[in-house]
Amino acid sequence: MTVARKSIGERLAQLEAQRKTLQIRLSKQERAIDTRRKVLIGALVLHRLEHDRDVHIGGGLAAWLRSELPKFLTRDGDRDLFDDLLKPQANELSRGNVGNGSAV
């Protein structure tokens with residue numbers, strides 16, 4: 001029985017298909033790593049907010065997130081996830097009004 005050899009064009013097409021498959025797998029792996037990194041960073045931030053309100057990043061982690069998240073979150077559904085965090089805290093309202101003539 002003789003086996004017909006594949007032409008160079010057929011072999012190139014097969015290699016290209018394998019390359020595309022591997023590229024898709026690599027992209028999927030990179031997205032998974034990126035997602036995991038985001039989850040871990042988010043978990044750290046949430047942990048600090050829940051357990052150590054005194055962590056300071058330019059005036060306080062919670063205050064920083066309240067100022068940055070509205071600019072970052074573009075979808076209403078995403079904003080809804082952070083309703084509890086985006087509401088200004090009473091102590092920040094009083095600090096924000098210091099020196100502007102407002103009575104608290």
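This is a predicted model: local features need pLDDT of at least 70, side-chain atom pairs count only at pLDDT 80 or more; totals for chains, interfaces and linings use all residues.

Student: OK, then is isoleucine 8 buried or exposed?

Tutor: Isoleucine 8 has a relative accessible area of 59%, so with the cut-off at over 50% it counts as exposed. Its place is in helix H1.

Student: Which residues make a nonpolar surface patch with Ile8?

Tutor: Leu12 and Leu15 do, and the patch made by Ile8, Leu12 and Leu15 covers about 330 Å².

Student: Let's zoom out. How many helices and strands does the protein chain have?

Tutor: Five helices and zero strands. Reading along the sequence, you get α-α-α-α-α.

Student: And what share of the chain is buried?

Tutor: Of the 104 residues in the protein chain, 10% are buried. The chain exposes about 9,100 Å², with carbon and sulfur atoms supplying 58% of that.

Student: Which residues are in the largest nonpolar core?

Tutor: There are seven: Leu49, Leu61, Ala62, Leu65, Leu69, Leu73 and Leu85. Helix H2, residues 61-72, gives the most to this core, with four residues.

Student: What does leucine 85 touch there, skipping its neighbours within four places in sequence?

Tutor: Leucine 85 is in contact with Leu49, Leu65, Leu69 and also Arg66. Leu49, Leu65 and Leu69 are core members, as is Leu85 itself.

Student: Where does glycine 60 sit?

Tutor: Glycine 60 is in the loop between helix H1 (8-51) and H2.

Student: And is glycine 60 buried or exposed?

Tutor: Buried: its relative accessible area is 8%, and the cut-off is under 20%, so glycine 60 makes it.

Student: How far is glycine 60 from leucine 49?

Tutor: Their C-alpha atoms are separated by 9.7 Å, and the two residues are 11 apart along the chain.

Student: Switching to charges. How many salt bridges does the count come to?

Tutor: Five. One of them joins the side chains of arginine 19 and glutamate 16, at 2.9 Å from N to O.

Student: Why are arginine 19 and glutamate 16 separated by about one helical turn?

Tutor: Because they are three residues apart in helix H1. Arginine 19 is partly exposed, at 46% relative accessible area, and glutamate 16 is partly exposed too, at 32%.

Student: What does aspartate 76 pair with?

Tutor: Its side chain meets that of arginine 79 in a salt bridge, 3.4 Å from N to O. Aspartate 76 and arginine 79 are three residues apart in helix H3 (residues 76-81), so about one helical turn separates them.

Student: Buried or exposed, those two?

Tutor: Aspartate 76 is exposed, with a relative accessible area of 55%, whereas arginine 79 is partly exposed, at 29%.

Student: And what is arginine 75's partner?

Tutor: Aspartate 78: the side chains of arginine 75 and aspartate 78 meet in a salt bridge, 3.4 Å from N to O. Arginine 75 is exposed at 55% relative accessible area.

Note on methods: Residues are numbered from 1 along each chain as its sequence is written. Side-chain values use heavy atoms; hydrogens and water are left out. A nonpolar core is a set of buried Ala, Val, Leu, Ile, Met, Phe, Trp, Tyr and Cys residues joined through side-chain atoms within 4.5 Å. Buried means under 20% relative accessible area, exposed over 50%, partly exposed in between (1.4 Å probe, protein chains only). Helices (H or I, at least four residues) and strands (E, at least two) are DSSP runs, numbered from the N terminus. Contact means heavy atoms within 4.5 Å. Patches are made of residues with over 30% relative accessible area and no salt bridge: like charges are joined within 9 Å, nonpolar side chains (Val, Leu, Ile, Met, Phe, Trp, Tyr) within 5 Å. Accessible areas come from the Shrake-Rupley method with a 1.4 Å probe; for residues, only the protein chains shown count as cover. A salt bridge is a side-chain nitrogen of Lys or Arg within 4 Å of a carboxyl oxygen of Asp or Glu.
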